[in-house]
Structure formats: C-alpha cells, structure tokens
Amino acid sequence: MAATTEERACPVCDLPVFPGEDYCEACGHRLDAPVPHCPGCGGTTISDGYCEQCGLRQPDGTDHVEVEITGAAGVSDRGLRHSRNEDAMALAATADGVAAVVCDGVSSSSRPEDASRVAADTAPGALAV
C-alpha cells in the first residue's frame, strides 16, 4: 500500500509545504500562526516589515513596550509623528532601589531607535556601580 501525503500550501506565500513542517521554508511563516494582515489595506504580503501592496510599515514589538520590576514600572508608545517607537527605557534593581533610564530617540539621526535602545540597555549597569 502506497503512503499518502496531504498536500498543503503556506497561507502567506501559497507555496507547497511538506507534512510535519511547522514553518514555511520559502517565507518563514509559522504555519499554525494567523496570517498577518496589513492594518492599512488588509493585504497579506508583508516583506521586511512593510506591506508590499500599500507600502505601510507594519507594527512591531516596539510600538508599545511595558517594563516592570519590583517597585517600578514604565510604558513607552510610538508617537503620532513617526512610524516606529524611537524611544527606549530600562529598569534595573540596585542596592539602593531602582535605576530607571529613559532615552528619547533623536529623529534627525540615522536609526534613532537603535541608538536609544543601546543607551537604555547600557546605562543601568553604569548607574548601579
């Protein structure tokens, strides 16, 4: 008796997917995850963080960030003028309490979100000394 295989296609790129696979080999989509939809046009073709249909930058994990440790908490959201959250924050427990660092991304610089993230990740260690 010949073995039968169930043919499937990726819900994002529509290329064939082999049985037992969890991710599409072509586009990397997790097969049990919902198909991403652009909030601007409803398109389903997202590449490098942008909708290929309308060009809108897609939300990512930095658009709304919440940080909490014992005794302190912080929230940062993407603003109205920029397509990404350029700010970063960090909290670290110290012997005297909590070190809180808030870094405002400088929009006129290249990659302000990366610069503020590096500063926020580095500063608590320097302050705790």
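Strand β5 (residues 64-69) pairs with β6 in the antiparallel sense over 6 bridges, where two strands count as paired if DSSP finds at least two bridges between them. Helices (H or I, at least four residues) and strands (E, at least two) are DSSP runs, numbered from the N terminus. The model is a predicted one, in which local features need pLDDT of at least 70 and side-chain atom pairs count only at pLDDT 80 or more, while totals for chains, interfaces and linings use all residues. Residues are numbered from 1 along each chain as its sequence is written, and side-chain values use heavy atoms, with hydrogens and water left out.

The hairpin of β5 and β6 has 2 residues between the strands, and Gly71 takes a positive phi near 90° in this hairpin. Within the pair, Val65 stands opposite Ser76 in β6. Ser76 belongs to strand β6, which covers residues 72-77. Is this serine buried or exposed? With 11% relative accessibility, Ser76 counts as buried; the term buried means under 20% relative accessible area, exposed means over 50%, and partly exposed lies in between (1.4 Å probe, protein chains only). The side chain of Ser76 makes a polar contact of 3.0 Å with that of Asn85. Such a contact is a pair of N or O atoms within 3.5 Å; within protein, one must be able to donate a hydrogen and the other to accept it, and residues adjacent in sequence count only if both atoms are side-chain atoms. Leaving aside residues up to four places away in sequence, Ser76 touches Asp63, His64, Val65, Asn85, Asp87 and Met89, a contact being heavy atoms within 4.5 Å.

The largest nonpolar core has 5 residues in all: Ala88, Ala90, Val101, Cys103 and Ala120. At least two residues of this core come from each of β7 (88-94) and β8 (97-103). Here a nonpolar core is a set of buried Ala, Val, Leu, Ile, Met, Phe, Trp, Tyr and Cys residues joined through side-chain atoms within 4.5 Å. Not counting residues up to four places away in sequence, Cys103 touches Asp87, Ala88, Ser116, Ala119 and Ala120.

How many disulfides does the structure hold? The number is 0, with a disulfide taken as a pair of cysteine sulfur atoms within 2.5 Å. For Cys51, the closest cysteine sulfur is that of Cys41, at 3.6 Å, which is too far for a bond. Cys51 is buried at 3% relative accessibility, and Cys10 is also buried, with a relative accessible area of 2%.

Turning to the whole protein, its secondary structure comes to 1 helix and 8 strands, in the order β-β-β-β-β-β-β-β-α along the sequence. The radius of gyration is 21 Å, well over the 14 Å that the globule rule gives for 129 residues, so the protein is more spread out than a compact globule. This radius is taken over C-alpha atoms, and the rule is 2.2 Å times the number of residues to the power 0.38. Along the principal axes, the C-alpha atoms fill a box of roughly 70 × 35 × 20 Å. Of the 129 residues, 23% are buried.
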